[in-house]
Amino acid sequence: MKIFAVSTSATSSILMDQDSNRILYADNINAVRGVASISKIMTAILACESGKLDDMVTINDSVLAAYGSGIYIKVGEEISLRDLVYGLMLRSGNDAALAIADYVGGDVDNFIKMMKDKAKEIGMKNSTFNNPSGLDDNGGNLSTAYDMALLMSYAMHNDEFKKITGTKVHKVKTNMNFYSWTNKNKLLHSYKYATGGKTGFTDVAKR
C-alpha cells in the first residue's frame with residue numbers, strides 16, 4: 001500500500017494507528033535491516049515494566065564495555081533505574097543500556113533473552129536482538145519498520161515510558177555528578193504534535 005500524497009526519503013517507513021495498530025501508510029515495511037539505537041525502545045520498556053524504576057542502581061564495571069553515545073556514568077555511581085532510562089532515551093546512552101540490562105536482567109545475556117521473549121509476545125516476527133543498545137556488536141539488532149511500529153505502539157501504552165520518551169530536558173543529581181540531558185529527538189523540539197520517539201545511527205545500520 002502506497003499513498004502518493006505522502007513522501008519520505010526513508011528506505012522503509014510506516015504510519016500506524018497507536019490504538020488499533022491499523023496501518024495507514026506502508027513502504028517496504030517488512031524489509032529486515034539494522035535498527036541501531038531505536039533498539040533502546042525495547043530496553044526502556046523492559047525497565048519500565050520491571051517494577052524497579054525507583055531502585056537505586058550502583059554502577060558496576062559492565063559499563064566499561066560501552067562506547068559511542070553515552071551519559072558517561074562511572075563505576076560506583078549511584079543513580080535510580082528511572083534516571084538511567086531517561087539517559088537511555090534522551091541521550092541514547094550505551095552505558096545506560098548496559099547498566100539497565102545488568103540490573104533488570106541480572107546480567108546482559110539474560111536481559112537479551114528478555115528482549116527476545118518480549119518481541120515474541122508483541123508479535124515482532126522478524127526481529128533479532130543481540131544487545132541492549134543497538135550497537136553493531138554480535139551482529140547488531142535486526143528488525144523491520146512494521147515490527148518497530150508494533151513495539152513503539154505497545155510501549156506508548158505504558159505511562160512511565162510515554163512520559164520519559166516525551167521529555168525534552170531532564171536533570172539528575174547523583175553521588176558523583178550533576179547532569180542536564182536534552183532529548184536528541186529533534187521532532188520533540190520542532191513539531192508540536194510529537195509525543196515521543198527514538199532516533200538511531202550506526203555505521204552499519206545508517207540513520
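How many of the nine residues of α1 are buried, and what does that say about how far α1 is enclosed by the rest of the structure? Nine of the nine are buried, so α1 is largely enclosed. The views below start there.

This is a predicted model, in which local features need pLDDT of at least 70, side-chain atom pairs count only at pLDDT 80 or more, and totals for chains, interfaces and linings use all residues. Residues are numbered from 1 along each chain as its sequence is written, and side-chain values use heavy atoms, with hydrogens and water left out.

**View 1. Helix α1 and its surroundings.**
Helix α1 covers residues 40-48. Helices here are DSSP runs of H or I with at least four residues, strands are runs of E with at least two, and both are numbered from the N terminus. The buried residues of α1 are Lys-40, Ile-41, Met-42, Thr-43, Ala-44, Ile-45, Leu-46, Ala-47 and Cys-48. Buried means under 20% relative accessible area, exposed means over 50%, and partly exposed lies in between (1.4 Å probe, protein chains only). These α1 residues pack against α2, α3, α4, α5 (145-155) and α6 (159-165). Contact means heavy atoms within 4.5 Å.

**View 2. Helix α1 against helix α2.**
Helix α2 spans residues 81-91. The two helices pack at an angle of about 165°, with their axes 10 Å apart. Axes are lines fitted to C-alpha atoms, for helices over the stretch in contact, and angles run from 0 to 180 degrees between N-to-C directions. α1 and α2 are therefore roughly antiparallel to each other. Angles over 145 degrees count as roughly antiparallel, under 35 as roughly parallel, 65 to 115 as roughly perpendicular, and the rest as oblique. From α1 come Lys-40, Ile-41, Thr-43, Ala-44 and Ala-47; from α2 come Leu-81, Val-85, Leu-88 and Met-89. The residues of this contact are seven nonpolar, one polar and one charged. Ala, Val, Leu, Ile, Met, Phe, Trp, Tyr, Cys and Pro count as nonpolar, Asp, Glu, Lys and Arg as charged, and the others, Gly among them, as polar.

**View 3. Helix α3 across helix α4.**
Helix α3 (residues 94-105) and helix α4 (residues 108-122) cross at roughly 85°. Their axes come within 7 Å. That makes α3 roughly perpendicular to α4. On the α3 side the contact uses Leu-98, Ile-100, Ala-101, Asp-102, Val-104 and Gly-105; on the α4 side it uses Val-108, Asn-110, Phe-111 and Met-114. Seven of these residues are nonpolar, two polar and one charged.

**View 4. Helix α4 across helix α5.**
α4 packs with α5 at an angle of about 90°, with the axes 10 Å apart. The two helices are therefore roughly perpendicular. Lys-118, Glu-121 and Ile-122 of α4 meet Leu-150, Leu-151 and Tyr-154 of α5. By class, this contact has four nonpolar, no polar and two charged residues. Nine of the eleven residues of α5 are buried, so α5 is largely enclosed by the rest of the structure. Among them are Ala-145, Asp-147 and Ser-153. The buried residues of α5 pack against β1, α1, α4, β6 (142-143) and α6.

**View 5. The β1-β2 hairpin and Ser-13.**
Strands β1 (residues 13-16) and β2 (residues 23-27) run antiparallel and are joined by four bridges. Two strands pair if DSSP finds at least two bridges between them. They form a hairpin with six residues between them. In the turn, Asn-21 has a positive phi of about 65°. Ser-13 is found in β1 and stands opposite Asp-27 in β2. Ser-13 is buried, at 12% relative accessible area. Leaving aside neighbours within four places in sequence, Ser-13 is in contact with Thr-8, Tyr-25, Ala-26, Asp-27, Ile-29 and Ala-145.

**View 6. Two loop residues with positive phi.**
Most residues other than glycine have a negative phi. Ala-36 has a positive phi, near 50°. Ala-36 lies in the loop between β3 (33-34) and α1, and is buried at 2% relative accessible area. Ser-92 has a positive phi of about 55°. Ser-92 sits in the loop between α2 and α3, and is buried at 6%.

**View 7. Val-204, an exposed residue.**
Val-204 is in the segment after α7 (186-190). At 63% relative accessibility, Val-204 counts as exposed. Val-204 and Thr-174 are 30 residues apart in sequence and 34 Å apart in space, C-alpha to C-alpha.
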